[in-house]
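Please look through the structure below and keep it in view while reading.

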Amino acid sequence: MTIDAAEATSGSPRPVSGRGRGVRPTRGYRVFQAVNAVVLTAVVVVTLYPFVNVVARSLSDEGYIIAGQVNLVPRGFNLDTYRLVLADSMFWTNYRNTVVYTVVATVISIVLTTCYAYVLSKKHLRGRTALVGIAVFTMFFSGGLIPNYVLVTSLGMKNTIWAIAVPNAINVFNLLVMKAFFESLPDELEEAAAVDGLNTYGILLRIVLPLSKAIVATMVLFYAVAFWNSWFAAFLYLDRQDLWPVTIYLRNLIAGATGAENVGAIAEADEVQAEATLKSVTIVLTTLPILLVYPFVQRYFVRGVMLGAVKG
Amino acid sequence: MLHRSWRRAATAAVAALLAATSVAACSEDPSDAKDLSENRAGAMSDYGIGKQFTASEPVSFSILYNNHPNYPLRDDWLFWSELKARANVTLTPVAVPLSDYEQKRSLLIGAGDAPMIIPKTYPSQEDAYVSSGAILPVSDYLDLMPNLQDKISRWNLKPEIDGRRQEDGKFYILPGVHEKPWQDYSLAIRTDILDELNLTAPKTWDELYTVLKAMKARYPDVFPFSDRWSKPNPAGNLLNILAVSYGLQGAGWNFQHTSWDATAKKFVYTGATEQYKQMLQYLNKLVSEKLLDPESFTQTDDQARQKLANGKSFVISANAQAVVNDYRPDLAKTNPTAKISKIPLPVGPAGEINPASRLENGVMISAKARDSKNFVAMMQFIDWLWYSDAGQEFAKWGVEGKTFVRDAAGMPKLAPDVNVIGLNPKAPKHLQKDFGFYNGVFAYGGKPELVQGFFSAEEQEFQKVLNARPPTAVPPPHPLTDEEREQASLWETPLRDHVYQATLQFALGQRDFAQWDAYVAELRSKNMDSYLDMVNKAHDRYQKDHG
């Protein structure tokens, strides 16, 4: 399962099967195909190897890791670090937080981005340039860390999920990709729907969105991955560890196992094992769920970006 | 991602800057700094040395809490309930992950949202906040802290504390204090190889050279010394322990631009001194005779550990933890007959000294806390918990009969069902995880018996040797003004980079020592003299105003 998922991330294309279909490929084309296959296989190996290596290290005994003997296959199979991390109830609390934050924040982001992008795609909208300008302005300038913190705090969002979900809800890059996609839809479709009696909201919900599954799926992926990996907003605005996402939990765990904080203290044996494999275990535990999402949205992912990009 | 990392990098600077603008407005008029009549709620009128602090009414203080993953914060710790019972104090922690503690601290202070008590602040980290007025000049309130005053005078800590004074003659941090310096870092050496060659552990750097030579003679194809801790800067530990052995202030990961020249009574530039040259010549001798692995200056810790584990080297930088957690388990897997131990810090031309600082990370107080009606009670509480013998013992060992018992000599000893750092591996409960004691936020410093309470016999032996050596002299105070500090940091970066670069070139033999004067001239062209001039002026000024 992991291997499949990893392959999906590396973006390896389906094998090209041009042969035996109608026109006979030229010699040059066949050479090109061969070279292509070799290069792409190399890319797959190069991208896959580090990940397989990480998985192998996460399952190995620390002695073999220190001796530099772990490559593709785990040596001295050892699950202690997994056990150590998974046995902590705070890990599960934080993992649940991550799932909740990701789902809620992604839903909010998708709704807001879709609405904004759809409005901006309408050429007859008055003040459209200004609205685009307002969005683009935030790509280049931000209020700064402390003003943001003061703002979020005085809005009463500190220590709530809204501090994570609301301030980052619209990503301007995603917004512009989506706007370009909506602009590419033929106006005639919407005119026909209007003639048939749909109002603006009906057009958006019944005509435009069903035709935009590709771009929405892409955006879901972009947003979900971003929220899944994010820790900075949570670190800024959340003062209680039972609210933290798992990214902070694991980041802190690594810092604790490797930091100078332990100087002079002698750690327990399980912590020693943990130190050697902790980074690998962390990477596996945090990437696994999001990797599993990729295969399901990947086909939209490819098509969606193409559509948006060409017309944009 | 770029955006985010930029934000992270800019945090500290922005925080300090904003702290200046946002909090300066509400800083106090110094004339009423001493009138505490409005701030005595909950305070004890007869608080003093040897007295248990108990607030006369229930009080609560907010505290920034560095959440350590090995003992994550829990509400049901005996530590909290016992604090309530003994001191009538409730602490409300603002939990911050240890991984990014300093960044959050900057942010909260900058945003004017800092808790009253800000612990885990290392000496000199407070400098950035002083001008903002967000941090309380605690030296004004030492009379509320009898235990701290007592320790400063009994342990002769005045020079160390004076080193923390700012340009206004006040200090802004309540540092953790040790009676004896605690030097943890030294070198570890394969003692079975020493035995095999009929050698004793080297006591000086010259003896180390002899020992390495003998090892090389017996094992010609190994580099007997291959060092670690070279990221991000080369040979962080090795350069530092060498520099202090040559009488300098520090180098490597403890890089110090200036060292105090006691005979000339002025500061000199560490990287341009004759002593620095001599220590580089020593390193160069080791490298050119193939005794020290040239990769020592660039390799990762893992590479250095692998060489040691695989018998490709016999000497490596170490602290107590590295020996027990890294080197011995590594060797046990590859070579069960191997033995390795930390040797007492080798002695250099500066003679027997213990270079460790006697100051530890400590506590800053938010300037806002001064307006609290419980301010006096808070200072008394801090004095009791962090500086009284009873408070320190409580924070470290816990409650007698529950987490520890006393042996015949009255020394504390872990209760049989309580474990910490592997001392009672079978015990069902953990002093840190389950009770909240021996917590890095609350427990540090103190008398050597307390500091070394959990040390192994081996480490206690090491400390005994080092504690017999006198502590290094502390350089006199030379606080810079804000503008000077800004100017200094502009000069410091190029100077430091150049010293690092030349250090590597000289040590590895890429640059001949005949070029030493040229190198010093290069430092001059990077404003070394102006920099020294500024530091020496700051020193004179301080002597004049506050000396």
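Lys120(B) counts as buried because it has 25 C-beta neighbours inside 10 Å. A residue is called buried if 20 or more other C-beta atoms lie within 10 Å of its own, exposed if 12 or fewer, and partly exposed in between, with C-beta atoms placed from the backbone. Lys120(B) sits in strand E3 of chain B, residues 117-121; strands (E, at least two residues) and helices (H or I, at least four) are DSSP runs numbered from the N terminus. Its phi is positive, about 55 degrees, although Lys120(B) is not a glycine. Most residues other than glycine have a negative phi.

Tyr438(B) is another non-glycine residue with a positive phi, of about 50 degrees. Tyr438(B) is found in the loop between strand E14 (429-430) and helix H15 (448-451) of chain B. It counts as buried because 23 C-beta neighbours lie inside 10 Å.

This is a predicted model, in which local features need pLDDT of at least 70 and side-chain atom pairs count only at pLDDT 80 or more, while totals for chains, interfaces and linings use all residues. Residues are numbered from 1 along each chain as its sequence is written, and chains are lettered from A and ligands numbered from 1 in the order in which they are written.

In chain A, helix H9 (residues 172-184) packs against helix H12 (residues 213-229) at an angle of about 175 degrees, with the axes 11 Å apart. Axes are lines fitted to C-alpha atoms, for helices over the stretch in contact, and angles run from 0 to 180 degrees between N-to-C directions. H9(A) is therefore roughly antiparallel to H12(A), a term for angles over 145 degrees. Asn174(A), Met178(A) and Phe181(A) of H9(A) make the contact with Ile215(A), Met219(A) and Phe222(A) of H12(A). Two residues are in contact if their C-beta atoms, placed from the backbone, lie within 7 Å.

The largest nonpolar core has 114 residues, of which Ala234(A), Ile135(B), Ile365(B), Phe381(B) and Ile382(B) touch the most other members. Such a core is a set of buried Ala, Val, Leu, Ile, Met, Phe, Trp, Tyr and Cys residues joined through C-beta atoms within 7 Å. Helix H13 of chain B (residues 375-387) gives the most to this core, with 11 residues.

Chain A averages a pLDDT of 81; pLDDT is the predictor's confidence in each residue, from 0 to 100. Over residues 1-20 of chain A, pLDDT stays under 50.

Technical notes: Angles under 35 degrees count as roughly parallel, over 145 as roughly antiparallel, 65 to 115 as roughly perpendicular and the rest as oblique.
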